Structures are given as structure tokens and as C-alpha cells.
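Thanks for passing this one along.

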Amino acid sequence: MFHLGLGAIGIAFATALMFFSAMRSVEGALSQAGITLAARDMHTLAAGTLKDPAVAAVLNQLDGKNADLAATAVRESFAAGLHSAFWFGLAVALVGIVVSLSVDEGKLKTEPQAT
């Protein structure tokens, strides 16, 4: 059961890392393009996809060129978020390998006691 709990915590952390990385990517791309949006709208762009009606509503607030730049920012933010999440997964896997190779199984096994 312990590994299930830690797995759930790991997935939650990877998802949070993915969202914050996507949010940072959206903020950077929009500020570089000179587009200012409310924080709620930026969260919507970072958390959604182009097919999401909430994202479409935010993009409809912008004019043609800025809407295209914001749509590109949404696509790139998803990729940036996945990139961060996969690096986190790699780090966790490497730590797991190091721990599993450093544990001496002989010390963990107990001999049955004679009664």
C-alpha cells in the first residue's frame, strides 16, 4: 500500500509541475508578444487545449494576430509542461534505481524462527 500512496503523490507532483511549467511558458510567450491578460485567463490558457471552449472564449477576446500568438503559446505550453513532467519522471526513476541497487536484500530477509 505504501508504494500506491507514494505513486499517487508522485503523479500529483508531476501534474502540478506540468501545470506550473505550462503557466510559466504561457506567461513568457504572451509577455514577449506584448499581450496582457487577466491571471484567470492565463490559467485557462495554460490548463486547456485549443479544443476547450474556455480557451476558445479567451482567444476570441483577442484580435487576429494576437489570437494566433496566444494559440501558439497554448500549444507550446503543453509541450513545455510535458517536458518538465518527463524530466521529473526520469529523476524519480533514477533515484529508484540507485536505491534498489544500494539495498542489500540479505539484510531484509529474515530466517524463520524455530519454535
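1. From the N terminus on, the elements run α-α-α-α-α. The protein has five helices and zero strands, where helices (H or I, at least four residues) and strands (E, at least two) are DSSP runs numbered from the N terminus.

2. Please keep in mind that this is a predicted model, in which local features need pLDDT of at least 70 and side-chain atom pairs count only at pLDDT 80 or more, while totals for chains, interfaces and linings use all residues. Residues are numbered from 1 along each chain as its sequence is written, and side-chain values use heavy atoms, leaving out hydrogens and water.

3. On confidence, the average pLDDT (the predictor's confidence in each residue, from 0 to 100) is 87, and 96% of the residues score at least 70.

4. As for overall shape, the radius of gyration, taken over C-alpha atoms, is 22 Å, whereas a compact globule of 115 residues would have one near 13 Å (the rule is 2.2 Å times the number of residues to the power 0.38). Along the principal axes, the C-alpha atoms fill a box of roughly 80 × 25 × 20 Å.

5. Now have a look at one helix pair. Helix α2 (residues 39–47) packs with helix α3 (residues 53–60) at an angle of about 130°, their axes 9 Å apart; axes are lines fitted to C-alpha atoms over the stretch in contact, and angles run from 0 to 180 degrees between N-to-C directions. The contact (heavy atoms within 4.5 Å) involves Asp41, Thr44 and Leu45 of α2 with Ala54, Val55, Val58 and Leu59 of α3.
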